[in-house]
Every structure is written in C-alpha cells, then in structure tokens.
There are 2 protein chains.
Amino acid sequence: MVTYKEAGVDIEAGDALVERIRPLVASTSIPELLGDVGGFSGLVRLPEGMRDPVLVSGTDGVGTKLKVAQVAGRHDTVGIDLVAMAVNDVLTSGARPLFFLDYFACGRLDVDVAEKVISGVADGCRRAGCALVGGETAEMPGMYEPGEYDLAGFAVGVVERSRIIDGRNVRPGDVVVALPSSGLHSNGYSLARKVLWEDPGRSLDDVLAAGTGTLADVLLEPTRIYASEVAALQRTARLKAIAHITGGGIPGNLARVLPAGAAAVLDASSWEPPAVFAALADAGVAREEMVGTFNLGMGLAVIVDEADAHACLDALERLGTPGFLAGRITERGDEEPAVRL
Amino acid sequence: MVTYKEAGVDIEAGDALVERIRPLVASTSIPELLGDVGGFSGLVRLPEGMRDPVLVSGTDGVGTKLKVAQVAGRHDTVGIDLVAMAVNDVLTSGARPLFFLDYFACGRLDVDVAEKVISGVADGCRRAGCALVGGETAEMPGMYEPGEYDLAGFAVGVVERSRIIDGRNVRPGDVVVALPSSGLHSNGYSLARKVLWEDPGRSLDDVLAAGTGTLADVLLEPTRIYASEVAALQRTARLKAIAHITGGGIPGNLARVLPAGAAAVLDASSWEPPAVFAALADAGVAREEMVGTFNLGMGLAVIVDEADAHACLDALERLGTPGFLAGRITERGDEEPAVRL
C-alpha cells in the first residue's frame, strides 16, 4: 500500500504550518476583513463610503534574491520584499492596499523556514496596511532542490474611480518628487549575485565595501514599502503620476507614466544612492546596464505640480522618510528619449 | 563589462512574450475592465448595482501535474487547471469570479512554452468569465532546471454580503447535489505520478487502461471550472454550502462547510468515478489514502434544501453538465465522523 507521505508530501507538516501562521495572519487584520483563516477563500468588504470603487491588483515574485536568503539561511525578510513588489505597483494607481495572498512552493516543507518566510509576509502586510487573507503552501517533490523555495505574491487595493492616478495630467513644468530606495529592492539579482558574489568568489559574510554591512546584509536589505508615504502625499497634493522603479530601471519605469510629448529630465546629482550601486559599477557593470536594470537609489517617482513640491517634501520629512526633488518634466522633441538621466 | 543577458536573464524574450500574450489577454475582457496591459497594475470596476460588495479571493498552484505537462511537452492546458483551482475556491462563497492574475516562473524563458501556458490561463479565464488582468513572468537562472516551470494563480470575485454562502443554514434533511470531476483535477499528483507512471515504469504514451486514453491524456485532463454551473444553481435555488473537493478529498473538504452537529452521509454508488480512480486503487493505493487524497469523481459538492434538489439537477441537465444526488445531511452524534462515505 502506497501513502501520500511516501510519495513525498507531508500533510501533517502543512497542518502544523497552518497553526503556526495563524497568529501572524491575525496580526495583519483590518476592519474590512470578514471571516477567518481556514475557509476556502478570503473575504474582505470595501471601505465605507466609496462611490465608484475600482479594484487595482498586482502580482510579483522576489526573483533570485531568494537564492541569497536560502544560502544565508535568513528567511525572515524576503516576505517583506514580496509584499513590497506587488503593493508598490498597486500604489501607483493611487489605490489603498486592501489585501494580499502569497504562494510558497518548495520541494519538501520545512515548517521552520516556511514560518519565517510567512512572518516576513505578515510584516510586509502590516507595513502596507493590508490584510493577509490567504495563501498556498505547495510541496512539490522533485521540482525544487532541498532548501530551495519560490514565492509569489498578489495584492489588491481599491481607489475611487475619480481619483485614479494615471499620468494623463502630467505637463511640462511639473516636477519629480522621488522616494529613496533602501538598496537593490528585488530586481537585478541575477546580475548582482554574479558580479558581487559568484564571480569574485566572496562569502556572504564578507563586508562588501567600507561603510556597508556584509554582502548578505546588503543583498538582503528589504524592499521599501511606500504605502504610508503615498498616503501622506495624497493628503498633501494632487499626485499626477507614480512610477515604481523595478526591472527596466528609472528610464523604463518612469517612461510608462509619461503622456506623449512629455519627457522627464533628472539630475542624478540630486540624490545619494546606497553604496551597493557604486560597488556594482566598480565590479564592471556598464553604465547603460546599471541604468536599465537597477533603481539607482530611487524607489518610487511621484510627479506633481511644481507648486506642490515643497509641501510634498515637507510631508515626507514629517514622516521621517525624506524624499528628494529629482528633476522636472519638459516638452519632448521627436528625437528625444522620454527620460534623461 | 557584464550585461544582464550574460547573467542569464533575457529582457527581449520577456518583451516578445508580452506582445504574444496581448491578444490572449484581450480575449478575456469583461465589461468591468478598465485600462490595458502594460501599466503597473490591473484595474477592474465592480459590477453595477451592488449594495455591500464583498471581495472573495483565492490562490493556488497546479502542483506536480506540471511535471507531467513538462515531460509530455503539452503546455496548453495547465493554465486551465491553474484558473480552476483558484476560481472554484472563490465560487464556494457564492462569489462571481471577476479577475485573475498569474505568476509563471522558469529558469530560462522559452517564449513558445510560456505562450502556450498563458493561452491555457486565458482559456480558463474565459471558461470562468473572469478577466486576466495581470501576470508576472519570472526568469530565475539556477532556480529551475531547463524545461521546468512553476505556476501560481490568484482569483478575485465579488458577492453581495447578504448572499454569501457559508454553510450556516445547513440542516439535517438537506441534500448534497454534486458535480462530477473530470479526473484527478490538480491534487494528489505526487502520489498519482509515483504509482501510475514512475513505479510501473510506464511511458506517458501508454494507454492506462481499457477505455481510457494515454497516461498523458488521463493525467493532463484539465480541471473542471464550475462557474457556469454555480451561476445556474444560484438562479435556481438558495445554495446553503459549496465545497470544492481538493487535497483532503471529499471528507476533508465537505467537513469544512458543515455546521457543528451536522454530518454528511454519502452513497458512493450514486456516481460513477472516472477510470483513473480504479487504476489508482489497482496500483496499490489504500482505500483510506484514496478517500483522503483524491476527489473520487466529485469536483464540487453543493448543499441545498431537499425540496430544491430536483430543480438543481434539472438546471445542470439543461446546461449539459449533469450532476448527481450524492447523499444527505443528518444529525451528527458525538462519536460520528462529519462525513461518511
């Protein structure tokens, strides 16, 4: 007689995990949440008083930043990255993040590791102000090596239709108020791992450069979640466009929110990128590749009327997360790039 | 100088894929959809006229059914499974599926394979009546073997709060109207692969048993999506509870929707399971393991008042997807199991 456990799937470990994550999930509760963990699906009401609510959703993974976490044995922050990547996308439409679901896949379920990963997801959800309403833990023997896992995340937010932010009102003369990134966030890790870790044969415990922590510290710095910053900015000014700087870098992502005929001219001397970017350039990554792959210290770019710029910067200062004036919007000539940096 | 492509990530292949899936995504459009592919996030309005809308979400993967697809080189149906697993969960609350997002992860992006997979996702979305509003294609060199990929899916639906189905009105005397599964659906594949494929050393091209197709046909039969059936049943009767039969089998999933003091007594002779289940039993899977792992031919169980049973069966007959009366609800004694089969 053959049992499921012999075939490599441990239902009891899955049940044990569900018990352990229950308090983590509960820590992310919001007033709109109905029901509890254990049903077939998560139930969330809409915030009260909305007239024409529009649901905004995003999905992402953490990429090969996971490899760093797995080799370093530090599993408690990649969940923050997971929430950040999806929630920051949702924020770009002006939506308030409402709920999140995660997918955790591995070859053999290690309950301790999975609990740490999901504690990071719950941490990220608290930072984003959204409820963790569901998740899937998939044990797939033969698909993942021992110690490896993959993660995917799904975020849903809601915005009043009349308040959707989509870049259509961006005009020459507007300015780019930018929010600093905490480091690489969760993009470009296949390249970063190669040039900072594998090719030079560094250990994750080596200090990367003067003034930085270990390579593990630098590579595992959690992605910033901009939910409270965007909420504060929305209370301060009319936000015309928001770009989340991910794969494709500042030019690739900022260009997506500019209307035809508008260009963004940025002054790279107006902010100080985290040390990891200098280390990448020193390691031989070409300027063009740097610009097209990494965030270079800018995590989120917000376009506002010039008259609102100082109020926005003041609001961020009061939150304790200073932003910077990164550049301005100009007319775009036929031959000009959408973003100059 | 090091480039991202040398590090194993091909941005151009990703861009090519986005172009190829654009018409697939467009084929899933619904009236509530706003905006288009390419923004940071998918935007969907709520259906008109809802008073207290509740969002219902679910996430799932396809498990190691993917292994079968990858070895067989048949990639166009696992996307249907992906949508089915999440959408059928969302249906259990009485919600209408609204939108879906997918996560596709691989070691090296094969645009042809990814396009086939996502064509299946779009097919599933059309069957479910929901819009495919976003997705993530993750190329993670070193995380997945060549030819391997993983999939995760995320579905959101909406239900009027007063019409949420949650099992609280289930009473002794109610009946279980069941909808047949198309086969294994997407659960228990680690065990099924072992006993039907690997241990006996069968080829996927071998015919499994008299009257079945090849092993590949049987193992890749797409999971049924019950959206139109549930919608028809909702127009016919008050549905008191719905259970989606996945991992844990009929007892594990039906028990989740029964109130305290109620038991379900099923008559296994009232339906004819697909041939794959007999093949699993013949291959040595113990009865207890069969019942606790596989759906045994029941994909969805719906509990209604006995007076509504025939109208429900008639409605399913008219749709061309006959259901069956699988059993009834009784008082549950202290020592009795919640589900007897």
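User: How much space lies in the largest cavity?
Analyst: In this predicted model, the largest cavity holds about 30 Å³ of space.

User: And how many cavities of 30 Å³ or more does the count come to?
Analyst: The count comes to 1 cavity of 30 Å³ or more.

User: Which residues line the largest cavity?
Analyst: The lining is made up of B:Leu184, B:His185, B:Asn187, B:Ile245, B:Thr246, B:Thr293, B:Phe294 and B:Asn295, and by class it has 3 nonpolar and 5 polar residues, with no charged residues among them.

User: OK, switching to helices. At what angle do H1 and H4 of chain A pack?
Analyst: Helix H1 of chain A, which covers residues 11-26, packs against helix H4 of chain A, residues 111-128, at an angle of about 30 degrees, and their axes lie 10 Å apart. Angles under 35 degrees count as roughly parallel, and therefore H1(A) is described as roughly parallel to H4(A).

User: Is that crossing left-handed or right-handed?
Analyst: The crossing of H1(A) past H4(A) is right-handed.

User: Which residues make the contact there?
Analyst: From H1(A) the contact involves A:Ala13, A:Leu17, A:Arg20, A:Ile21 and A:Leu24, while H4(A) contributes A:Val111, A:Asp112, A:Ala114, A:Glu115, A:Ile118, A:Ser119 and A:Ala122. Sorted by class, the residues of this contact between H1(A) and H4(A) are 8 nonpolar, 1 polar and 3 charged.

User: What about H5 and H9 of chain A, at what angle do they pack?
Analyst: Helix H5 of chain A, residues 189-198, and helix H9 of chain A, residues 275-282, pack at about 75 degrees, with their axes 10 Å apart. Because angles from 65 to 115 degrees count as roughly perpendicular, H5(A) is roughly perpendicular to H9(A).

User: And which residues touch in that pair?
Analyst: On the H5(A) side they are A:Ala192, A:Val195 and A:Leu196, and on the H9(A) side they are A:Val276, A:Ala279 and A:Leu280. The contact of H5(A) with H9(A) has 6 nonpolar residues, and no polar or charged ones.

User: One more pair: how do the axes of H7 and H11 of chain A cross?
Analyst: The axes of helix H7 of chain A, residues 227-236, and helix H11 of chain A, residues 309-319, come within 9 Å and cross at roughly 140 degrees, and H7(A) and H11(A) are therefore oblique to each other. Their crossing is right-handed.

User: Which residues meet there?
Analyst: A:Ser228, A:Glu229, A:Ala232, A:Leu233 and A:Thr236 of H7(A) meet A:Ala311, A:Cys312, A:Ala315, A:Leu316 and A:Leu319 of H11(A). The residues of this contact between H7(A) and H11(A) divide into 7 nonpolar, 2 polar and 1 charged.

Note on methods. Residues are numbered from 1 along each chain as its sequence is written. Chains are lettered from A and ligands numbered from 1 in the order in which they are written. This is a predicted model: local features need pLDDT of at least 70, side-chain atom pairs count only at pLDDT 80 or more; totals for chains, interfaces and linings use all residues. Side-chain values use heavy atoms; hydrogens and water are left out. Axes are lines fitted to C-alpha atoms, for helices over the stretch in contact, and angles run from 0 to 180 degrees between N-to-C directions. Helices (H or I, at least four residues) and strands (E, at least two) are DSSP runs, numbered from the N terminus. Angles under 35 degrees count as roughly parallel, over 145 as roughly antiparallel, 65 to 115 as roughly perpendicular and the rest as oblique. A crossing is left-handed if the near helix is turned anticlockwise from the far one by less than a right angle, and right-handed if clockwise. Contact means heavy atoms within 4.5 Å. Ala, Val, Leu, Ile, Met, Phe, Trp, Tyr, Cys and Pro count as nonpolar, Asp, Glu, Lys and Arg as charged, and the others, Gly among them, as polar. On a 1 Å grid over the protein atoms alone, a cavity is a set of points where a 1.4 Å probe fits but cannot get out, and a pocket is an open set with protein on both sides within 12 Å along at least five of seven lines; lining residues have an atom within 4 Å of a point. Grid points are joined across faces, edges and corners, and a volume is the space filled by probe spheres set on the points.
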